[in-house]
Amino acid sequence: MPLPAPGAELAALMILAWAAFVSIPLALGSIGLSWDALNHHVYLGWIAEHPRFERDYLAASFQSFQYPYLYWPFYKLFMSGMPGRWAGALLVTLNIAAVPPLWMLARRFVPDRDWYGLALRWLAVALAFTSGLTLSMFDTSANDLLAAIPLVWALAFAIEAREAPSHGRWSVRHLLLLSGFFAGAAVAFKLSNGPLAILMPLLWLVPGRSWLDRALDVLCACAATLVGVLLLYGPWGWQLWSHYGNPVYPFYDNYFDALRAATGWRP
């Protein structure tokens, strides 16, 4: 029996992963509503669609100022009154976005073009989802797993760049730009991804390239990271800056004192 082409292999893996994902909320019959869900998950999805800065102050404590847009699907499903098992199935479907970059990583470390290699790649992807913490994300409205997916893409593109030729449709520089952009997206989605994103330049130093090319690679990828942060966090950060003079309010407010003094900004 011939081995499927890489595209077909990935498609089959994604279908299998989706079936496994949705089986969890379908089997449980609902999605868990934790204290966080009742306190701020619904509220954050609400203000993602209808900002309420002029009406609310610490409506959900300091969690009111988290990046809200990843909670919007949960808010819409909650407001629709959809049964918990089907709402959970739709929410966990979003996590399918983690499968392609995990498969890309597995393919680089297990490149064998035989059924044994395919089995190892699929098991490697499955292993990424089998920790207790990761599995707990399939029965909750928390967005920790969803917010981490761009960082997995950043890692996958960085590893692809280390294996890519220096010419062709996807050059090393193109792949590193994508890696940087996704690293920035991960930081925008959850600021706690920042310490991990800071380490990405270590992977952007591609072996076999001149030091000048390496320096340009890192500079371009860092610029792409900044673009990712600004594009995705910018709309939310600007609203916070406009109302509070701090784009990550109320965290690290003292770091923005000098900037507010220099610009004369007063919210």
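This is a predicted model: local features need pLDDT of at least 70, side-chain atom pairs count only at pLDDT 80 or more; totals for chains, interfaces and linings use all residues.

Biologist: What kind of crossing does α8 make as it passes α9?

Modeller: α8 passes α9 in a left-handed crossing. Residues are numbered from 1 along each chain as its sequence is written, and side-chain values use heavy atoms, with hydrogens and water left out.

Biologist: What makes α8 and α9 roughly antiparallel to each other?

Modeller: Their axes come within 7 Å and cross at roughly 165 degrees. Angles under 35 degrees count as roughly parallel, over 145 as roughly antiparallel, 65 to 115 as roughly perpendicular and the rest as oblique; α8 and α9 are therefore roughly antiparallel. The axes are lines fitted to C-alpha atoms over the stretch in contact, with angles from 0 to 180 degrees between N-to-C directions.

Biologist: Which residues of α8 and α9 meet?

Modeller: Among them are L151, W153 and F157 in α8, and L176, F182 and F189 in α9. Contact means heavy atoms within 4.5 Å. The residues of this contact divide into 17 nonpolar, one polar and one charged. Here Ala, Val, Leu, Ile, Met, Phe, Trp, Tyr, Cys and Pro count as nonpolar, Asp, Glu, Lys and Arg as charged, and the others, Gly among them, as polar.

Biologist: Why is α5 called roughly parallel to α8?

Modeller: The axes of α5 (residues 99–109) and α8 (residues 144–163) come within 8 Å and cross at roughly 30 degrees. That angle makes α5 roughly parallel to α8. The contact includes L102 and L105 of α5 and L155 and I159 of α8. Its residues divide into eleven nonpolar, no polar and four charged.

Biologist: What is the largest nonpolar core, and which element gives the largest share?

Modeller: A nonpolar core is a set of buried Ala, Val, Leu, Ile, Met, Phe, Trp, Tyr and Cys residues joined through side-chain atoms within 4.5 Å. The largest one has 39 residues, and F21, V99, V125, F129, L176 and W204 touch the most other members. Elements giving two or more residues include α1, α5 and α9, and the largest share, ten residues, comes from α8. Not counting residues up to four places away in sequence, V125 touches L13, V99, L102 and W103. A second, separate core of 20 residues includes L44, Y67, W236 and Y249.

Biologist: How do you know whether S64 is buried or exposed?

Modeller: Buried means under 20% relative accessible area, exposed over 50%, and partly exposed in between, with a 1.4 Å probe and protein chains only. S64 has 5% relative accessibility, so S64 counts as buried. S64 lies in the loop between β1 (59–62) and α3 (72–80). Its contacts beyond four places in sequence are Y43, L44, I47, L58, A59 and W236.

Biologist: Why is A258 placed in its accessibility class?

Modeller: A258, in helix α13 (residues 257–263), counts as exposed because its relative accessibility is 57%. The C-alpha atoms of A258 and S64 are separated by 25 Å.

Biologist: How many helices and strands does the protein chain have?

Modeller: There are 13 helices and one strand. Helices (H or I, at least four residues) and strands (E, at least two) are DSSP runs, numbered from the N terminus.

Key. A crossing is left-handed if the near helix is turned anticlockwise from the far one by less than a right angle, and right-handed if clockwise.
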